[in-house]
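I am opening my notebook to write down what I look up in this structure, entry by entry.

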Amino acid sequence: MAEGRVVGIDLGTTNSLVAYMQGDAPVVIPGVDGSNLVPSVVALDPVPPGGGRPTVTVGNTARKALIETPERVIYSVKRLMGRGLGEIQNELKMFPFRLADDAEAGEVPRIQLGELRFTPPEISAYILRQLKRNAERFFGAPVTQAVITVPAYFNDAQRQATKDAGRMAGLDVLRLVNEPTAAALAYGLDRAKEGTIAVYDLGGGTFDISILKLRDGIFEVQSTNGDTHLGGDDIDNLLLAIALDEIHAEHGVDLRSHPGAVQALRKAAIDAKISLSSESVARFDIELPNGDRYQREIPRDVFELLIEPVLNRTAGPCKQALADAGITAEQIDEVVLVGGSTRIPAVRELVDELFQLSPRGKRPHIELNPDEVVALGAAVQADILAGASKTTEEMLLLDVTPLSLGIEALGGTVARIIQRNSTIPASATEHFTTGVDGQTNVAIHVVQGERELAADCRSLARFDLRGIPPMSAGLPRIEVKFLIDADGILQVTAREQRSGQAANIEVKPTYGLTDEQVESMILDSFDNAEADFAKRLLIEARNEAETILSAVERAPQSPAWAALTGEEQAAIFAARDRLQSVKLGEDAKAIRDATLALDQATRRFAELMMEAAVSTAIRGKTMEAAGDDLGAAVTAPHPMAAAEFK
Amino acid sequence: MLNVLDSAVPIACWSCSVGHTDSTLFCPHCSKIQPPPGGDFFQVFGLERKFQIDLPAMEHEFHRLSRKVHPDRFARAGENERQWSLADTALLNDAYRTLKDPLFRTEYLLKLEGAEIGEEHAGKDRKGQKDPSRVPADLLEEVFELNMQLEEMRMARKMGEDDPQLKADLQQAERKFESLLGAVDNDLHEQWKMWDAGDAATRQTAQKTMVALLDRRRYLSNLVRDVAETLGA
C-alpha cells in the first residue's frame, strides 16, 4: 500500500495501546518488552552530565520512576487534557503534579516536571510517539496515520487537545473515535449482529455509556452520556485517603509529605483493589518510617460499601442515555463491558441491575479483554478509513455529539443550535445582525452543555465577526454556519449576506493551543523528516541493548541477586553473552530479539528488585538512597509489571 | 440555507463536466461526490413535500446514502472531496434528524410553506412560557389553578412539609394535561392527512390549524414539564 498503514490508538488514562488490522482481525502491537499495554506514564530522566536537555521516557520504565523521583513523573494526564487552569485545581489535589509557577489564567496549564514545563497535549504526545515507535519497530516501516480514541463524553476542547497531541507526535490523526463505539466495532466484527447494544465503559479516569443500533453493518449511535472524571483512579484515591488517614491517626506519621511513599502506598491500594475482584479480603501490610507496621484487612463487603457512591454515579448517565434513545432497559439486547474497572464484581452487579440482564437470562459481554477492546476497535476503524479491506468495506460508524452546542443569548441564557445526540457531522446556520448604527463587529460566544445559563455551560470559543460593512442597526445579515465534524470538533464559517462580503472570523478558543503553539511543540522534527529509517531502528535497538546490558552488569551487586537460583543466574548470563555478540552487528531485529530474551530472563529479578524498592520507599529513606538501592532495576524495562488478573 | 428552488438549476460536475441538477449529492454521470446541493431536506431523500412519510424507507435511504457520502469514505481523498463529503453528510444528517421526528418535520415543512411559527420546538423554549397572553382561552381557568398549586407545592417543599392532597391534585393535573397533549397530537395527525391530500385552499386552512396546534402543544408540554419538575424535585 503506497500510503502506509493506518494504526488504531487507545490513548488511555492508565494505559495506552496501539493496534492494527492483521488480515481480517485486529491485533495489539506489543512494545519492546513484549507487553501490549504501555502505561500512560511519562518521566523526565535526570539532566545528563554536562547539561543539555534530559530525555523523556514513557511506559513501564517511567512508571518505576514514580517512587524514585515522583517530581519528575506524570501519570493520568488525560484528566488534564483540554481543561483550563481553574478546572484542574480539584484534580491537582488528588495527584502529585505541580503547575508551573508562572501559570496565567487563560493559557493552557503547564505541568512542572523537574526543571522543564509541559502542557498536557505535549505529555500525551510523548505517549503517542512511543506507540508510534512501537508500531514502526513492529512493521519495520514508518507509521504516519492514526485513528485515536477519546471518551465519548469528551468535549470540543478535550478532543482538540487530543488531536494536537497527535500532530505533535508526528501523526496525521485521520479520525477521533469514541471509545465505547470503538469497543462496539471490535465486538461487531466477528458476528453479523442486529439489534440494540449498550456499551458500559468504566476506565481509569472516565466513564461512558453509549447505546447503539446495529443493522446491515451500520453502527448507529442513538445516544451517549458519561462523566469525564469518574473511573478507577477515584477508587484508588478513596483507598489511599483511608490508608493515609489511618496511618496518621494510629501511628502519628503523615506520609503526605513523602511523595515517593504516597506513590508506593498508591501501588499497594491498586493491588488491594485488583485482588478484591477475585478474593474476599485484601491486606495492607506496610512498614512505616518509625518502624511501626500499618496492617489492615479490607473485606470485599467493606470495599463495596466504600466504592458504592463512585459506582452509583454511573447510574444517572445510563438512565439518561436510555431516555435520550427513547427506549427502556429491557429493550437493550446486549451489554458490552469495557475498561479495567468493569472487572470489579460490584460493577457487574450494578450493570446487571441497570439493564435487567439476569431476569432476562442475559449476561454482559466480556469475551474481549476489556483493556484491549478499545484499541482493537480503533484498528477496525483505521481499516475502514484506509478503505482497502473486504472485511470492513460494508461497515460504517455513525456517531453522535455528546453535548448540545449553544450560543449565549441576551441575558446570559443559552440558545441551543445543535442538540446533544445529533448524528455527526451536524450543522446549524444562524443569522446575526448589529444593534448599533455603523457597528462593524459582532461578538459571539459559543458554549457546550445542557444547562440553561451560558455561565453554567462550558465556554467553547468566542468569535468576533469583523469587517461588517457599516450599515444601519439591524440591517446587516450575517450568516454563521456551525458545523461539528466527524471528530466531534466545531468548525465555523461566516458571511455577510447583504453586502456579499465574507466576514472575517477570529476564533479565540477559550481553552486550547493556537496553531502556532502546536507547531512549536512538535516533538523533534528529526522524527518526521527522517530519511534513513533503518538506521534509526538500528540505533534505537543498540541503545536498548546498552541500557539493559549495563543494568545486568550491576545486577550481582544487588541483594536481590542472591535470591535467584543458580540456574536463573546462568540463564541471565547466557542471554547477556548472546546480546553482546549480536549488538555490534547491523541486524536491528537480531539485536531486538536478543534484548527481549535477556529481558525475559531478568523478569523475576526485576520483580524482586521492585518489591525491595517499594518497602524501601515506604520506610522513608531518602529518595537518593532509594535510588542507589534500586541499582540495576532502575534500567530494567519492566520493574513494575502490569498487574494482571488470573 | 433553505433557498427553495422552483426549478432545478443545471450545474456542471466538477469532475466530468456533464451537467446535472442542483439537488444531487453525486454526479449521475461519473458518480463523483458533489458540493452540497441547494435543495430542501425532502429533496435529499428524493421525497415529495408531505407531512406523512414512510419512515422505514427513509431510514433505509439514509443508510444507503451514508455509506456513500460519509467522511469515512473520503479519509484519503483530496481536500475538496473531503470538504464536500463533510458538508454533504452534515446536510444528510440534518435532514434525517429533522424529518424523522414528527414535530421537527411539521415545523420544518410549515416553514418551507411560508408559515410563521412561534418559537421553535428545537429546544429554544426551555424557559417556561409564562406570557399570560399565550394561554389558550379554554385552559385559562385550569392553568390559573395549576399555577397556584405549583406555587403552593414549591413553598411546601421549601418548608420541608409534605402535602399528600396537593401532590395527588398535581398528579391528576399532570395526567389531564398529558391527555390533552395526546389529543393535540391526534389533531395534528388529522391535519397532516388533510394537507397531504388536499388542494391549495385545504392546505391553507390545514396550515393555519397546525400552527395553532403547535402553539398549544408547546404550551401544554411546558406545563407538563413544570409539573413533573416540581413533583420530582
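Which residue of S26(A) does Glu479(A) stand opposite? I found that Glu479(A) stands opposite Arg495(A) in S26(A).

**Numbering and model.** I note that this is a predicted model, in which local features need pLDDT of at least 70 and side-chain atom pairs count only at pLDDT 80 or more, while totals for chains, interfaces and linings use all residues. Residues are numbered from 1 along each chain as its sequence is written, and chains are lettered from A and ligands numbered from 1 in the order in which they are written.

**Around strand S25.** I looked up strand S25 (residues 478-484) of chain A, where five of the seven residues are buried; a residue is buried if 20 or more other C-beta atoms lie within 10 Å of its own, exposed if 12 or fewer, and partly exposed in between, with C-beta atoms placed from the backbone. Strands (E, at least two residues) and helices (H or I, at least four) are DSSP runs, numbered from the N terminus, and two strands pair if DSSP finds at least two bridges between them. S25(A) pairs with strand S26 (residues 490-496) of chain A in the antiparallel sense over seven bridges, and the two form a hairpin with five residues between them. In the turn I found Gly488(A), which has a positive phi of about 85°. S25(A) also pairs with S22(A), again antiparallel and over seven bridges, and here Leu483(A) is the bridge partner of Ser427(A).

**A sheet of three strands.** I then traced an open antiparallel sheet in chain A, whose strands come in the order S6-S5-S7. Strand S6 (56-58) and strand S7 (73-75) of chain A stand at the edges with a single partner strand each, so one side of each has no neighbour in the sheet. Strand S5 (residues 41-44) of chain A is joined to S7(A) by three bridges, and Ala43(A) stands opposite Val73(A) in S7(A). Helix H1 (residues 60-68) of chain A packs on the sheet and touches S5, S6 and S7 of chain A, where a contact means that the C-beta atoms of two residues, placed from the backbone, lie within 7 Å. Helix H3 (residues 120-139) of chain A also packs on the sheet, touching S5, S6 and S7 of chain A.

Leaving aside neighbours within four places in sequence, I listed the contacts of Ile9(A), among them Leu128(A), Leu131(A) and Ala378(A).

**The two chains.** I recorded 18 helices and 27 strands in chain A, and seven helices and two strands in chain B. Of the 646 residues of chain A, 50% count as buried, whereas buried residues make up 26% of the 233 residues in chain B. Where the chains meet, 25 residues of chain A are in contact with 20 residues of chain B.

How values were computed: Axes fitted to C-alpha atoms, helices over the stretch in contact; angles between N-to-C directions.
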